Amino acid sequence: MEYTNVFTVHHINHIGGVESWLYYIAKKYKDRDITVLYDKSLARMQDIDQIDRLRRYVRVMAWDGVSPVKCKRVFFNYACFGLDTIEAEEKIY
């Protein structure tokens, strides 16, 4: 499957700046194809309430960091999770 806009994040905390930013992006641009990928290996550390809050507006998926992902645009944050694995027309850091 090919996605349009992918945002990567290692960890989704209960509260934080990255979580707020993702939520506001998701809420404002819910009419666009947005996927949030979080680190599957840290699944026990992810905050399910934040994930559910995001899922109201966008697709949220646990990703193993290895499986191929194709998209138009990928947005990386400070950790660059998946930098070498995600195939995209445009990579934004």
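Mentor: Residues are numbered from 1 along each chain as its sequence is written, and side-chain values use heavy atoms, without hydrogens and water. In this predicted model local features need pLDDT of at least 70 and side-chain atom pairs pLDDT 80 or more, while totals for chains, interfaces and linings use all residues.

Trainee: What makes strand 1 and strand 4 a pair?

Mentor: Two strands pair if DSSP finds at least two bridges between them. Strand 1 and strand 4 (residues 69-75) are joined by five bridges and run parallel, so they meet the rule of at least two. Valine 6 stands opposite valine 74 in strand 4. Strands here are DSSP runs of E with at least two residues, and helices are runs of H or I with at least four, numbered from the N terminus.

Trainee: Why are strand 3 and strand 5 called edge strands?

Mentor: The open sheet has five strands in the order 3-2-1-4-5, with parallel pairing. Strand 3 (59-63) and strand 5 (86-92) each pair on one side only.

Trainee: Why is the pair of phenylalanine 7 and tryptophan 21 called edge-to-face?

Mentor: Ring centres must lie within 6.5 Å, with the six-membered ring used for Trp; planes under 30 degrees apart count as stacked, over 60 as edge-to-face, and the rest as tilted. Phenylalanine 7 and tryptophan 21 are 5.5 Å apart centre to centre, with 70° between the planes, so the pair is edge-to-face.

Trainee: What does the pair of phenylalanine 7 and tryptophan 21 tie together?

Mentor: Phenylalanine 7 lies in strand 1 and tryptophan 21 in helix 1, so parts 14 residues apart in sequence are tied together.

Trainee: How do you know which residues line the largest cavity?

Mentor: A cavity is a set of points on a 1 Å grid over the protein atoms alone where a 1.4 Å probe fits but cannot get out, and lining residues have an atom within 4 Å of a point. Among the lining residues are Phe7, Trp21 and Asn77.

Technical notes. On a 1 Å grid over the protein atoms alone, a cavity is a set of points where a 1.4 Å probe fits but cannot get out, and a pocket is an open set with protein on both sides within 12 Å along at least five of seven lines; lining residues have an atom within 4 Å of a point.
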